Amino acid sequence: MKIIKYLFFLLLLALIGGAVYVATINGEFQVEESRVINAPDELLFNTINEYRTWDKRGPWMDESDDLIMEYPEKTSGEGASYSWKSETQGNRRMETRKIAQFSSIDQDITFITPMGESKSEVYWKFEKTEDAKTKVTWGMKGKQSFMEKAFWATQDSTISQMLKPMYSRGLEKLAAYVNEKMKEYT
């Protein structure tokens, strides 16, 4: 009987130690990617500002065959939003919080997963370059919950390392999309 008590006590110590370890992990994260795109800042800004274009250039569209997109009446500008559902990716919602015409867009994204609801800030910056191109910066920052920190502590990479290639692919798809749009008008 004593051995069971000791094993239980040892298990309890391991759980407490693990909880303390997870609680002390810095849960703040930020991921950011930039790309210079041969397109005017107005076109890039308007493309990103309109949520109905995201299904043609969003990097997560490649990762799931069962995405269901939902659009409300307002799909561009401040207060605009859209959401998507997927068995493999969970439910997500994005809303535009603030825009600065042709220079920045600030959005909020909500992830609904088995670990709970998580909110992060998404931002876009547009900078004209000297050669009539535009540097587009796409980023996301947020703070992980205890459960998210516990999950990422068991993974080989961090959330930023996992998202970085997705953001890079998204900017690549954005460049291809706007280049096709520009060809339509030349």
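Student: Which residue in β7 is the bridge partner of valine 31?

Tutor: Methionine 140 is that partner. This is a predicted model, where local features need pLDDT of at least 70, side-chain atom pairs count only at pLDDT 80 or more, and totals for chains, interfaces and linings use all residues. Residues are numbered from 1 along each chain as its sequence is written, and side-chain values use heavy atoms, leaving out hydrogens and water.

Student: What makes β1 and β7 a pair?

Tutor: Two strands pair if DSSP finds at least two bridges between them. Strand β1 (residues 28-37) and β7 are joined by 10 bridges and run antiparallel, so they meet that rule.

Student: Why is strand β7 called largely enclosed?

Tutor: Buried means under 20% relative accessible area, with exposed over 50% and partly exposed in between (1.4 Å probe, protein chains only). In strand β7 (residues 134-143), seven of the 10 residues are buried, so the rest of the structure largely encloses it.

Student: And why does serine 83 count as buried?

Tutor: Its relative accessibility is 17%, so serine 83 counts as buried. You will find serine 83 in strand β3 (residues 81-86).

Student: Why is α2 called roughly perpendicular to α5?

Tutor: Good one! Helix α2 (residues 41-49) and helix α5 (residues 159-184) pack at an angle of about 115°, with axes 11 Å apart. Angles of 65 to 115 degrees count as roughly perpendicular, under 35 as roughly parallel, over 145 as roughly antiparallel and the rest as oblique. That makes α2 roughly perpendicular to α5.

Notes: Axes are lines fitted to C-alpha atoms, for helices over the stretch in contact, and angles run from 0 to 180 degrees between N-to-C directions. Helices (H or I, at least four residues) and strands (E, at least two) are DSSP runs, numbered from the N terminus.
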